[in-house]
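Please open the structure in your viewer and follow the stops below in order. Each stop names what to select and what is there.

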Amino acid sequence: MTSGRADEQSANEKRPRRRQARGERRITEILDAAAGVFAQVGFETATTNAIAAAAAISPGSLYQFFPNKEAIAQALADRFVAQMRATHAAAFDSADFAKISLDELLDRVVDPILAFNLANPGFKAIFARPDMPAGLAAAAQPIQTALLGRVERILTARAPELPTDERVRSARVLIQIFQAMVPLVLAAEESERDAFVRELKKVMRGYLAPILG
């Protein structure tokens, strides 16, 4: 093969890769824009036109990648689930929870999960919907199941004598306490946010201390 033909073949191989890279960047931009729109106006009020405008593209360009708002939400949910799985691993797999203090335990678990929620304001707009579509609920269910299991393992490590039914019930209550107070933290002014985080940990500590002795 001559040098000219080799160069032409190399150029032909690079073009699809460049198009694929551009497409992936565009999808990322659309999902980033959708997360912001969902967080600002809610899923039901959001429109594909608003998402396209936030992504600085035409609606026609958006439809090249996603047929409708629901498809965008599904792709965004998949991304959130992957990120949340990594966040939970960082929060729960980084320490021997049987040996550290209760305050350190709360810091290690609560802080990274709150940081994820603060960095992803569209997360709640999708997963806190009362009418969450079956597809989104199915995507979130493994994460919720794994979270419950991780909290249960912490309780087992700290209080091995705790009966199984009480351990499961306590884990569910802890998760509900956290999820109920997260909106307060997210809505707080930045100057007040640390105070609300302290209140969240105070409530969780107050619930945990009698259980863990």
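## Stop 1: around I72

Select I72 and show what surrounds this residue: leaving out residues up to four places away in sequence, I72 touches I30, L31, A34, I51, L62 and F66. Contact here means heavy atoms within 4.5 Å.

Before moving on, note that this is a predicted model, in which local features need pLDDT of at least 70, side-chain atom pairs count only at pLDDT 80 or more, and totals for chains, interfaces and linings use all residues. Residues are numbered from 1 along each chain as its sequence is written, and side-chain values use heavy atoms, with hydrogens and water left out.

I72 lies in helix 4, which covers residues 69–92. Helices (H or I, at least four residues) are DSSP runs, numbered from the N terminus. Is I72 buried or exposed? I72 has 0% relative accessibility and therefore counts as buried; buried means under 20% relative accessible area and exposed over 50%, with partly exposed in between (1.4 Å probe, protein chains only).

## Stop 2: the aromatic rings

A pair of aromatic rings is described by the distance of the centres and the angle of the planes. Rings of Phe, Tyr and Trp (its six-membered ring) pair if their centres lie within 6.5 Å; planes under 30 degrees apart count as stacked, over 60 as edge-to-face and the rest as tilted. By this rule there are four aromatic pairs.

Select F80 and F116. Their ring centres are 6.4 Å apart and their planes stand at 85 degrees, so this pair is edge-to-face. F80 belongs to helix 4 and F116 to helix 5 (residues 102–119), so the pair ties together parts that are 36 residues apart in sequence.

F80, F116 and F123 form one aromatic cluster. F116 is buried, with a relative accessible area of 5%, and F123 counts as buried at 12%.

## Stop 3: N120

Next, select N120, in the loop between helix 5 and helix 6 (122–127). N120 is buried, with a relative accessible area of 16%. What does the side chain of N120 reach? The side chain of N120 reaches the backbone oxygen of F116, at 2.9 Å. Apart from neighbours within four places in sequence, N120 is in contact with F80 and Q83.

Methods:
Helix = DSSP H or I, 4+ residues; strand = E, 2+ residues; numbered from the N terminus. Polar contact = N/O pair within 3.5 Å; in protein donor to acceptor, adjacent residues only side chain to side chain.
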